[in-house]
Amino acid sequence: MVIKYNVGGLCLILFCIGLAVYSLYSNFNNAWLIAPPNYILFAVSITAFVLGVKGFKDKRSWLSRLRSWLTVVLSLLLAAALSLTLLFASFFSSMGVDEHIKTVSSPNEKHTIDFYRWDAGAAGTFGIRGELSGPLWFKKRIYYQKRIEHAKVNWQSNNKVSINNHIIDVNKGETLSY
């Protein structure tokens with residue numbers, strides 16, 4: 001049973017690290033964000049830490065001890081990085097950086113886009129961001145425009161949407177960034 005803790009903890013933390021890295025990639029490249037929210041990744045990394053500590057009971061070989069040490073170290077590093085991310089996000093979200101404007105659905109209600117107004121204050125600029133909602137927590141940024149305060153949205157068809165006179169085909173995966 002102890003070896004299951006050892007191997008399970010390592011597999012869990014490697015999976016969690018993969019999701020965290022993909023989350024960064026998808027935010028930079030406007031790809032589908034399939035990773036769960038950061039607080040769930042934080043909870044998974046703490047669970048992997050506990051499994052890694054329980055795995056220290058397996059003293060059969062140097063490989064099992066190495067797996068436990070690797071699990072504990074990686075889970076602590078990931079938990080620290082995610083806790084800093086959560087603190088950073090909660091600090092700046094309380095400053096009114098993102099404000100939900102509206103949610104718009106396609107005529108057949110297959111697609112839903114959430115619009116947010118963001119403002120960086122004196123240090124930056126402001127604008128509008130549109131995120132296409134998917135199943136569970138999946139989402140994709142399809143519209144991002146600086147120095148604009150309103151989003152005028154009209155659906156041209158079930159798959160094409162006009163946002164501030166810019167047409168985006170959501171089935172083709174088109175995005176718009178100004």
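These legends walk through several close-up views of one predicted model.

Residues are numbered from 1 along each chain as its sequence is written, and side-chain values use heavy atoms, with hydrogens and water left out. Because the model is predicted, local features need pLDDT of at least 70 and side-chain atom pairs count only at pLDDT 80 or more, while totals for chains, interfaces and linings use all residues.

View 1. Welcome to helix 2, residues 38-54; helices here are DSSP runs of H or I with at least four residues, strands are runs of E with at least two, and both are numbered from the N terminus. Its 17 residues reach 24 Å from the first C-alpha to the last, close to the 24 Å expected at 1.5 Å a residue (the expected span is 1.5 Å times one less than the number of residues). Leu41, Ser45, Ala48 and Gly52 are its buried residues. They lie on the same side of helix 2, because they cover an arc of only 60° around the axis; the arc is that of the directions from the helix axis to the C-beta atoms. Buried means under 20% relative accessible area, exposed over 50% and partly exposed in between, with a 1.4 Å probe and protein chains only. An α-helix has 3.6 residues a turn, so residues three or four places apart point the same way.

**View 2. Thr71 in helix 3.** Thr71 lies in helix 3 and counts as buried, at 0% relative accessibility. Setting aside residues up to four places away in sequence, Thr71 touches Asn6, Gly9, Leu10, Ile13, Ala48 and Gly52, where contact means heavy atoms within 4.5 Å. Two of these names, Ala48 and Gly52, return from the buried residues of helix 2.

**View 3. Ala35 between two helices.** Look in the loop between helix 1 and helix 2 for Ala35, which counts as buried at 2% relative accessibility. Beyond its neighbours within four places in sequence, Ala35 is in contact with Leu19, Ser23 and Trp137. Ala35 and Leu78 are 43 residues apart in sequence, and their C-alpha atoms are 15 Å apart in space.

View 4. Ile148 sits in the loop between strand 4 and strand 5 (153-155). With a relative accessible area of 18%, Ile148 is buried. Its contacts, leaving aside neighbours within four places in sequence, are Phe126, Gly127, Ile128 and Asn164. From Ile148 to Leu176, 28 residues apart along the chain, the C-alpha separation is 14 Å.

**View 5. Two loop residues with positive phi.** Most residues other than glycine have a negative phi. Glu109 has a positive phi near 60°; this residue is in the loop between strand 1 (98-105) and strand 2 and is exposed, with a relative accessible area of 64%. Asn165 also has a positive phi, near 65°. Asn165 belongs to the loop between strand 6 (160-163) and strand 7 (166-169), and is exposed at 67% relative accessible area.
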